[in-house]
Amino acid sequence: MILQGKTVISLLDDEFEDLELWYPVYRVREEGATVLFAGPEKGKTHIGKYGVPATADLSFDEIDSAQIAGILVPGGWAPDKLRRYPKVLQVVQELDQAGKPIGQICHAGWVLISAKILQGRKVTSTPGIRDDMENAGATWIDEPVVVDGHLISARRPPDLPPYAKAFVDALIAVK
(Lines give C-alpha, C1' and ligand atoms only; values in the text may rest on other atoms or scores of the structure.)
Protein backbone atom coordinates (compact mmCIF):
# COMPACT_ATOMS: atom_id res chain seq x y z
CA MET A 1 0.00 0.00 0.00
CA ILE A 2 2.77 2.39 -0.93
CA LEU A 3 0.33 4.88 -2.47
CA GLN A 4 -2.03 5.08 0.51
CA GLY A 5 -3.45 8.59 0.88
CA LYS A 6 -2.85 9.60 -2.75
CA THR A 7 -5.61 10.36 -5.23
CA VAL A 8 -5.31 9.89 -8.97
CA ILE A 9 -7.76 10.99 -11.63
CA SER A 10 -8.49 8.85 -14.67
CA LEU A 11 -10.13 10.81 -17.46
CA LEU A 12 -13.23 9.33 -19.03
CA ASP A 13 -15.31 9.75 -22.17
CA ASP A 14 -17.04 7.46 -24.65
CA GLU A 15 -15.06 4.88 -26.61
CA PHE A 16 -12.05 4.70 -24.32
CA GLU A 17 -9.82 1.68 -24.93
CA ASP A 18 -11.07 -0.67 -22.22
CA LEU A 19 -7.73 -2.20 -21.20
CA GLU A 20 -5.92 1.15 -21.36
CA LEU A 21 -8.43 2.59 -18.89
CA TRP A 22 -8.87 -0.31 -16.46
CA TYR A 23 -5.42 -1.93 -16.27
CA PRO A 24 -3.58 1.14 -14.88
CA VAL A 25 -6.54 2.02 -12.65
CA TYR A 26 -6.49 -1.40 -11.00
CA ARG A 27 -2.69 -1.35 -10.73
CA VAL A 28 -2.70 2.02 -8.95
CA ARG A 29 -5.56 0.91 -6.69
CA GLU A 30 -3.60 -2.26 -5.80
CA GLU A 31 -0.89 0.00 -4.38
CA GLY A 32 -3.41 1.79 -2.15
CA ALA A 33 -4.23 4.97 -4.10
CA THR A 34 -7.74 6.22 -4.61
CA VAL A 35 -8.56 6.48 -8.32
CA LEU A 36 -11.53 8.60 -9.35
CA PHE A 37 -13.02 8.76 -12.81
CA ALA A 38 -13.65 12.27 -14.13
CA GLY A 39 -15.92 12.83 -17.10
CA PRO A 40 -17.94 15.58 -18.74
CA GLU A 41 -20.81 14.90 -16.32
CA LYS A 42 -20.72 13.43 -12.80
CA GLY A 43 -22.59 10.13 -12.59
CA LYS A 44 -22.69 9.50 -16.33
CA THR A 45 -21.65 6.03 -17.48
CA HIS A 46 -19.35 5.80 -20.49
CA ILE A 47 -18.84 2.68 -22.55
CA GLY A 48 -15.45 1.53 -23.80
CA LYS A 49 -14.73 0.40 -27.34
CA TYR A 50 -15.33 -3.22 -26.32
CA GLY A 51 -18.37 -2.61 -24.13
CA VAL A 52 -16.90 -2.23 -20.64
CA PRO A 53 -18.60 0.59 -18.70
CA ALA A 54 -17.09 3.16 -16.35
CA THR A 55 -18.99 5.84 -14.42
CA ALA A 56 -17.71 9.33 -13.70
CA ASP A 57 -17.20 9.97 -9.98
CA LEU A 58 -16.91 13.68 -10.67
CA SER A 59 -17.14 16.12 -13.55
CA PHE A 60 -14.11 17.71 -15.15
CA ASP A 61 -15.07 21.00 -13.50
CA GLU A 62 -14.77 19.38 -10.05
CA ILE A 63 -11.12 18.40 -10.52
CA ASP A 64 -8.74 20.32 -8.26
CA SER A 65 -5.21 19.67 -9.52
CA ALA A 66 -3.76 20.70 -6.14
CA GLN A 67 -5.60 17.80 -4.49
CA ILE A 68 -4.45 15.01 -6.81
CA ALA A 69 -1.16 13.17 -7.16
CA GLY A 70 -1.42 12.40 -10.87
CA ILE A 71 -3.62 11.73 -13.87
CA LEU A 72 -4.19 8.86 -16.28
CA VAL A 73 -5.35 9.50 -19.84
CA PRO A 74 -6.60 6.36 -21.59
CA GLY A 75 -6.39 5.75 -25.30
CA GLY A 76 -9.05 4.69 -27.76
CA TRP A 77 -11.21 7.36 -29.34
CA ALA A 78 -11.94 9.11 -26.03
CA PRO A 79 -8.85 11.37 -26.25
CA ASP A 80 -10.26 13.04 -29.36
CA LYS A 81 -13.23 14.08 -27.22
CA LEU A 82 -11.27 14.81 -24.03
CA ARG A 83 -9.01 17.36 -25.72
CA ARG A 84 -12.01 19.52 -26.53
CA TYR A 85 -12.72 20.34 -22.87
CA PRO A 86 -10.85 23.46 -21.66
CA LYS A 87 -10.89 22.18 -18.06
CA VAL A 88 -9.16 18.93 -19.10
CA LEU A 89 -6.41 20.89 -20.82
CA GLN A 90 -6.10 23.23 -17.83
CA VAL A 91 -5.71 20.34 -15.38
CA VAL A 92 -3.08 18.66 -17.58
CA GLN A 93 -1.17 21.95 -17.80
CA GLU A 94 -1.37 22.49 -14.03
CA LEU A 95 -0.13 18.98 -13.30
CA ASP A 96 2.68 19.44 -15.79
CA GLN A 97 3.73 22.70 -14.14
CA ALA A 98 3.57 21.03 -10.71
CA GLY A 99 5.69 18.10 -11.90
CA LYS A 100 3.01 15.54 -11.06
CA PRO A 101 2.75 12.27 -13.02
CA ILE A 102 0.82 12.38 -16.28
CA GLY A 103 0.23 8.97 -17.80
CA GLN A 104 -0.84 8.66 -21.41
CA ILE A 105 -1.14 5.66 -23.70
CA CYS A 106 -1.92 5.11 -27.37
CA HIS A 107 -4.06 8.00 -28.73
CA ALA A 108 -4.02 9.81 -25.35
CA GLY A 109 -1.14 11.89 -26.68
CA TRP A 110 -3.76 14.00 -28.44
CA VAL A 111 -4.76 15.45 -25.05
CA LEU A 112 -1.16 16.43 -24.26
CA ILE A 113 -0.77 17.92 -27.75
CA SER A 114 -3.85 20.09 -27.22
CA ALA A 115 -2.58 21.07 -23.77
CA LYS A 116 0.60 22.25 -25.49
CA ILE A 117 3.00 20.53 -23.07
CA LEU A 118 5.05 18.39 -25.46
CA GLN A 119 7.62 20.86 -26.78
CA GLY A 120 11.07 19.36 -26.18
CA ARG A 121 9.69 16.24 -24.46
CA LYS A 122 10.42 12.57 -25.20
CA VAL A 123 7.32 10.44 -25.67
CA THR A 124 5.79 7.45 -27.35
CA SER A 125 2.27 6.70 -28.54
CA THR A 126 0.49 4.61 -31.08
CA PRO A 127 2.47 5.01 -34.31
CA GLY A 128 -0.72 6.43 -35.84
CA ILE A 129 -0.22 9.77 -34.08
CA ARG A 130 3.56 9.90 -34.29
CA ASP A 131 3.44 12.81 -36.75
CA ASP A 132 1.04 14.69 -34.45
CA MET A 133 3.39 14.20 -31.49
CA GLU A 134 6.43 15.34 -33.49
CA ASN A 135 4.56 18.31 -34.93
CA ALA A 136 3.80 19.33 -31.33
CA GLY A 137 7.55 19.48 -30.68
CA ALA A 138 8.10 16.08 -29.05
CA THR A 139 10.78 13.54 -29.84
CA TRP A 140 8.87 10.31 -30.56
CA ILE A 141 10.56 7.06 -29.53
CA ASP A 142 9.33 3.60 -30.53
CA GLU A 143 9.65 1.94 -27.10
CA PRO A 144 7.03 0.24 -24.91
CA VAL A 145 7.31 3.01 -22.29
CA VAL A 146 9.04 6.36 -22.37
CA VAL A 147 9.53 8.30 -19.13
CA ASP A 148 10.52 11.95 -19.43
CA GLY A 149 10.47 13.35 -15.91
CA HIS A 150 6.88 13.12 -14.72
CA LEU A 151 5.49 12.31 -18.20
CA ILE A 152 4.92 8.59 -18.70
CA SER A 153 3.84 7.39 -22.13
CA ALA A 154 3.16 4.03 -23.76
CA ARG A 155 2.16 2.77 -27.19
CA ARG A 156 -0.62 0.18 -26.88
CA PRO A 157 -2.18 -2.56 -24.68
CA PRO A 158 0.78 -5.00 -24.79
CA ASP A 159 2.83 -2.21 -23.13
CA LEU A 160 0.48 -1.94 -20.14
CA PRO A 161 2.58 -3.85 -17.56
CA PRO A 162 5.70 -1.66 -17.88
CA TYR A 163 3.55 1.46 -18.34
CA ALA A 164 1.59 0.85 -15.13
CA LYS A 165 4.80 0.10 -13.23
CA ALA A 166 6.43 3.31 -14.46
CA PHE A 167 3.32 5.31 -13.48
CA VAL A 168 3.25 3.78 -9.98
CA ASP A 169 6.97 4.49 -9.60
CA ALA A 170 6.36 8.13 -10.55
CA LEU A 171 3.53 8.40 -8.02
CA ILE A 172 5.76 7.08 -5.24
CA ALA A 173 7.98 10.12 -5.73
CA VAL A 174 5.07 12.59 -5.29
CA LYS A 175 5.09 14.17 -1.83
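Guide: The crossing of helices α1 and α6 is right-handed, meaning that the near helix is turned clockwise from the far one by less than a right angle. Helices here are DSSP runs (H or I, at least four residues), numbered from the N terminus. This is a predicted model, in which local features need pLDDT of at least 70 and side-chain atom pairs pLDDT 80 or more, while totals for chains, interfaces and linings use all residues. Residues are numbered from 1 along each chain as its sequence is written, and side-chain values use heavy atoms, without hydrogens or water.

The axes of α1 (residues 18–30) and α6 come within 10 Å and cross at roughly 45°; axes are lines fitted to C-alpha atoms over the stretch in contact, with angles from 0 to 180 degrees between N-to-C directions. On α1 the contact (heavy atoms within 4.5 Å) involves L19, E20, Y23, P24, R27 and V28. On α6 it involves L160, P161, Y163, A164, F167, V168 and L171. By class, 11 of these residues are nonpolar, none polar and 2 charged; Ala, Val, Leu, Ile, Met, Phe, Trp, Tyr, Cys and Pro count as nonpolar, Asp, Glu, Lys and Arg as charged, and the others as polar.

V28 is also among the residues touching the most other members of the largest nonpolar core, which has 58 residues. Such a core joins buried (under 20% relative accessible area, 1.4 Å probe, protein chains only) Ala, Val, Leu, Ile, Met, Phe, Trp, Tyr and Cys residues through side-chain atoms within 4.5 Å. Helix α6 (residues 160–172) gives this core its largest share, 7 residues.

Key: Buried < 20%, exposed > 50% of the residue type's maximum accessible area, 1.4 Å probe, protein only. Helix = DSSP H or I, 4+ residues; strand = E, 2+ residues; numbered from the N terminus.
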